Each structure stands twice: as structure tokens, then as C-alpha cells.
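Hi,

Here is the structure I promised to pass on. Have a look at it first, and then read my notes below.

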Amino acid sequence: MTSLFNSSQEIVFVLHGLNETQTNRHIYFVFILILYLFTMFINVTLICAIVLEKMLHDPMYLFLCNLCVNGIIGASSFYPKILYDILVDSHVITYIGCLTQIFFIYFYVYCECTNLTVMAYDRYVAICKPLHYHCIMTIRKVWTLILLTCFFSLLEVTIGIVLTARLTLCNVDIDKFYCSNWAVVKLSCVDTSLNNLAAYIVILTHFSQTIFILISYVKIIKVSICSQTGRRKFMQTCLPHLITLSNFVISLLFDVMYARYGSNNSLLALRNIMSVEFLVVPPLINPIIYGMNLSQIRNSARKMFNCKVSALS
């Protein structure tokens with residue numbers, strides 16, 4: 001196929017994932033808007049609850065704040081565009097707009113993976129080495145880990161964007177209702193071996209993080225079953241982390257496997273659900289899971305809302 005476009009031209013991608021939503025567009029709009037606002041609300045509430053109760057001296061709560069901030073980034077990289085597209089007839093996005101959306105979505109994904117790995121390490125030290133916990137997990141070390149998480153996520157996504165931006169494209173039709181890196185790479189009519197190599201390195205890196213988490217939790221479970229205090233600490237802090245991790249990994253695995261090996265002949269609704277689960281579900285349920293399990297956060301949130309109610313009455 002001859003090349004039609006290169007990155008110096010003004011390219012406008014056509015998104016094809018919302019073709020079946022036009023008949024009930026206002027219902028979809030209201031539902032998705034409520035979902036977005038609720039996602040933002042519970043993440044901001046959890047962050048405020050932690051900050052107002054001055055829990056930022058505790059490493060676990062600092063990591064949890066970072067998880068919620070990242071959830072806000074992930075949700076905001078996806079919801080505003082789809083809300084706009086539902087109300088219009090033409091579902092298009094500029095080349096720069098597409099790369100920008102890819103940047104924030106993939107930053108969210110990489111940061112989530114690494115942050116969950118760091119949180120697993122924190123729980124390992126807290127349960128397996130409780131007497132040395134505050135010596136190992138100092139506030140300075142925690143902030144260093146958070147900054148490194150952001151830095152390496154930024155580095156990964158920047159390399160991916162640069163490799164994609166160099167490609168000459170032969171098509172502008174994206175069979176999703178948001179931009180993803182692989183969806184754009186598939187439109188190229190030049191060799192994409194370098195992009196594939198980079199993608200496999202990233203996958204291997206984050207797969208190794210998952211193995212590290214599993215090894216950490218094998219050791220945590222061995223220690224936890226030996227004492228009632230360990231079991232209680234595991235149920236209160238480690239179980240939410242395991243649920244969060246499982247939900248994110250399964251959601252992301254669905255999208256990665258489908259994007260690379262899925263069939264375009266399958267149901268559009270099924271494709272849409274599978275492709276956005278990792279953007280919708282983790283930012284929504286993570287604050288709920290932690291808020292329900294951690295009594296300090298529950299009490300802080302209750303106190304915060306009681307103050308608001310008292311101020312209004």
C-alpha cells in the first residue's frame with residue numbers, strides 16, 4: 001500500500017467505536033457523565049480525607065494518594081472525549097489530539113502498574129519486617145519511590161510516543177472510540193518492528209513487576225497465617241491491594257490481548273466494554289475498596305461530611 005500521510009501533515013483520525021450509541025445518545029451521555037463525576041468525587045474525597053487527617057506521614061496513605069491522583073488522570077484522559085463524541089455526529093480526533101490522549105492513557109497505565117508494585121513492597125516490609133518498617137520506609141524514601149514511579153512512567157510513554165510519531169500512516173480509521181498506541185501503529189504502512197520490540201520490552205518489564213508482587217504476597221501470606229495480628233493486618237491492608245491489582249491486571253490483559261489478537265467481526269458492544277474496562281473500573285472501585293477497609297479513611301470521610309452538613313444547616 002502506498003503511503004497517504006506522514007506526521008508533518010494535518011491528520012484527522014476517524015473513531016468508529018460509537019456507531020451504535022447514536023439512537024440513545026442522551027441516555028448514554030447522562031450515564032457516562034454521572035459515572036465520571038462519581039469517579040472524580042470519590043477519588044478527591046479519599047485524597048482530602050487523607051490530607052485533612054494528616055495521614056501523609058504514613059507511607060501506605062501516601063501511596064494510596066498517588067493511586068487516586070493517577071486514577072483521576074486515567075479517567076480524565078478518557079471521559080471528556082467520549083462525552084463530547086456522544087453529542088456530535090462526527091467522531092474525529094486530530095493527530096496531535098490522538099497522541100496527547102495516548103500519552104495520558106499510557107502514563108496512567110504504566111504509573112498504575114509501578115505504583116501497585118511499590119505498594120506491594122510497602123506491605124511486604126510492614127508485615128514481614130514490622131520492627132524495621134519505619135527505618136526502611138522513611139518519608140524521604142517513599143517520596144523517592146513515588147517520583148521514580150512518575151519518572152519511569154513518563155520515560156516509557158515518551159519513548160512509545162516518539163516511536164509512533166515517526167511512522168508514516170496509510171489509513172485514518174481507528175476501530176475504537178479512543179486512541180491507543182497499537183491502534184495507530186496498525187495504520188502504518190512502514191516497518192513497525194521497532195515499535196513491536198519496544199512494546200514487548202514494556203510488557204516484559206511490567207510482567208516482571210507482577211511476578212515481584214506475587215512473590216511478595218507469598219511471603220506475606222506465610223507470615224500472616226502465623227498470628228492473629230498478621231491476619232488482621234493482611235485483611236485490612238493487603239486484601240484491598242490484591243483486589244485492586246487483580247482488577248487492573250485482568251482489565252488491562254483483556255484490552256492488550258484483544259487489541260493485538262481480537263477479531264473485528266465480534267460484537268461492537270463487547271469490544272467497547274473490553275477496551276475501556278481498565279480505564280473505567282480501577283479508578284472507580286479503588287477508592288471504594290480502600291475507603292471501606294481502612295477505618296481511618298472511613299472516619300475521616302465521615303467527619304468531613306458531617307462538617308459540611310453542619311456548615312450548611
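To get you started: is Cys135 buried or exposed? Cys135 is exposed, because its relative accessibility is 62%. Cys128, at 24%, counts as partly exposed. Before you go further, keep in mind that this is a predicted model.

**The disulfides**

How many disulfides are there? The count comes to 2. One of them joins Cys98 to Cys179, with the sulfurs 2.1 Å apart. Cys98 sits in helix H4, while Cys179 is in the loop between strand S3 (173-174) and helix H7 (181-185), so this pair ties together parts that are 81 residues apart in sequence. The link of Cys98 and Cys179 is left-handed, with -125° about the S-S bond. Both ends are tucked away: Cys98 is buried at 0% relative accessibility, and Cys179 is buried at 0% too.

The other disulfide runs from Cys170 to Cys189, with an S to S distance of 1.8 Å. Here the link is right-handed, at 95° about the S-S bond. You'll find Cys170 in the loop between helix H6 (139-165) and S3, and Cys189 in the loop between H7 and helix H8 (193-224); the two are 19 residues apart. Cys170 is buried, with a relative accessibility of 4%. Cys189, on the other hand, is partly exposed at 28%. If you number the bonded cysteines of the chain in sequence order, the pairing reads 1-3, 2-4.

**The sheet**

Next, the strands. There is an open sheet of 3 strands in the order S2-S1-S3, and its pairing is mixed.

Strand S1 (residues 12-15) runs antiparallel to S2, and 3 bridges join the two. Val12 has Thr94 as its bridge partner in S2, and Phe13 stands opposite Ile93 in S2. S1 and S3 run parallel and are joined by 2 bridges; in S3, Asp173 is the bridge partner of Val14. As background, strands of a sheet pair through backbone hydrogen bonds, either parallel or antiparallel.

In soluble globular proteins, nonpolar side chains tend to be buried together. In this model, the largest nonpolar core has 79 residues, and Phe13, Leu64, Phe78 and Ile174 are those with the most contacts inside it. Which helix gives the largest share of this core? That is helix H4 (residues 95-128), with 19 residues.

Leu279 is placed in helix H10 (residues 268-293). Leu279 counts as buried because its relative accessible area is 0%, and the cut-off for buried is under 20%. Its contacts, not counting residues up to four places away in sequence, are Gly74, Ala75, Ser77, Phe78, Ile105, Tyr108 and Tyr178. Among them is Phe78, which you met above as one of the core residues with the most contacts. Leu279 and Gly71 are 208 residues apart in sequence, yet 8.4 Å apart in space from C-alpha to C-alpha.

Ser216 lies in helix H8, and at 5% relative accessibility Ser216 is buried. What does the side chain of Ser216 reach? It reaches the backbone oxygen of Phe212, at 2.9 Å. Beyond four places in sequence, Ser216 touches Ala120 and Tyr124.

Happy browsing!

Key: Residues are numbered from 1 along each chain as its sequence is written. This is a predicted model: local features need pLDDT of at least 70, side-chain atom pairs count only at pLDDT 80 or more; totals for chains, interfaces and linings use all residues. Side-chain values use heavy atoms; hydrogens and water are left out. Helices (H or I, at least four residues) and strands (E, at least two) are DSSP runs, numbered from the N terminus. Buried means under 20% relative accessible area, exposed over 50%, partly exposed in between (1.4 Å probe, protein chains only). Contact means heavy atoms within 4.5 Å. A nonpolar core is a set of buried Ala, Val, Leu, Ile, Met, Phe, Trp, Tyr and Cys residues joined through side-chain atoms within 4.5 Å. A disulfide is a pair of cysteine sulfur atoms within 2.5 Å. Two strands pair if DSSP finds at least two bridges between them. A polar contact is a pair of N or O atoms within 3.5 Å; within protein, one must be able to donate a hydrogen and the other to accept it, and residues adjacent in sequence count only if both atoms are side-chain atoms.
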